[in-house]
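Hi,

Here is the structure I said I would pass on. Have a look at it first, and my notes on its salt bridges follow below.

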Amino acid sequence: MLSQIIHRNVVKLLGCCLETEAPLLVYEFIFNGTLFDHIQDKTDEFPLSWNMRLRIAVEVAEALAYLHSATSFPIYHRDVKSTNILLDERYVVKVSDFGISRSIAVDHTHLTTLVKGTFGYLDPEYFQSSRFTEKSDVYSFGVVLVELLTGQKPISSDAETEEEIGLAMRFLLCMEAENLEKILDPQVLE
């Protein structure tokens with residue numbers, strides 16, 4: 001199924017190597033690394049401008065919309081995160097790593113499975129119910145959007161309580177306190 005996905009913002013599956021104990025998938029090489037690397041590397045000689053952040057967000061959204069609705073069977077990625085978003089030589093988005101993705105029948109609305117994914121990006125509803133829907137991918141995409149806005153990691157320790165707190169919750173708390181400038185990336189504020 002992955003070999004039939006043809007979208008400019010989804011990494012291309014080129015083939016499969018069956019000469020190893022476990023088959024290896026061969027994907028196109030994406031030159032500029034992950035979105036996470038570019039967000040976190042403050043010494044990056046090519047900082048993410050506001051326009052670039054917007055374009056990246058739109059391209060990820062287009063890729064997810066394609067996977068959810070334009071394929072013959074909807075595909076839920078199940079691990080949308082900035083390390084699974086690659087940037088090519090022109091900084092065009094390529095969504096990658098479909099290791100835990102699942103397709104579902106068109107007449108179904110969700111998938112009930114063991115909870116898999118990356119902490120900080122997991123939809124709380126999915127975490128509690130084990131019912132994964134396209135909204136779960138959308139929640140994870142929302143965390144990526146907040147990463148683009150803040151330049152922060154999806155999980156970090158709270159300096160006051162020394163507890164780990166998710167970026168989504170920190171962002172919501174700042175919004176409720178009408179104090180977004182506290183959390184937004186300085187480049188975004190400019």
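Start with Lys94 and Glu28: their side chains form a salt bridge, with N and O 3.9 Å apart. Keep in mind that this is a predicted model. Lys94 belongs to strand S5 (residues 93–95), while Glu28 sits in the loop between strand S2 (24–27) and helix H1 (35–40), so this pair ties together parts that are 66 residues apart in sequence. Are the two residues buried or exposed? Lys94 and Glu28 are both buried.

Next, go to Arg53, which makes a salt bridge with Asp185; here the closest N and O atoms are 3.4 Å apart. This pair also links distant parts of the chain, as 132 residues separate the two. You'll find Arg53 in helix H2 (residues 50–70) and Asp185 in the loop between helix H5 (167–176) and helix H6 (186–189). Arg53 is buried, and Asp185 is buried too.

Then there is Lys81, whose salt-bridge partner is Asp79. The closest N and O atoms of that pair lie 3.5 Å apart, and both residues are buried.

One more thing to look up: which residues are linked in a network of salt bridges? They are Arg8, Arg55 and Glu59.

As for the overall count, searching the whole structure turns up five salt bridges.

Cheers

Technical notes
Residues are numbered from 1 along each chain as its sequence is written. This is a predicted model: local features need pLDDT of at least 70, side-chain atom pairs count only at pLDDT 80 or more; totals for chains, interfaces and linings use all residues. Side-chain values use heavy atoms; hydrogens and water are left out. A salt bridge is a side-chain nitrogen of Lys or Arg within 4 Å of a carboxyl oxygen of Asp or Glu. Helices (H or I, at least four residues) and strands (E, at least two) are DSSP runs, numbered from the N terminus. Buried means under 20% relative accessible area, exposed over 50%, partly exposed in between (1.4 Å probe, protein chains only).
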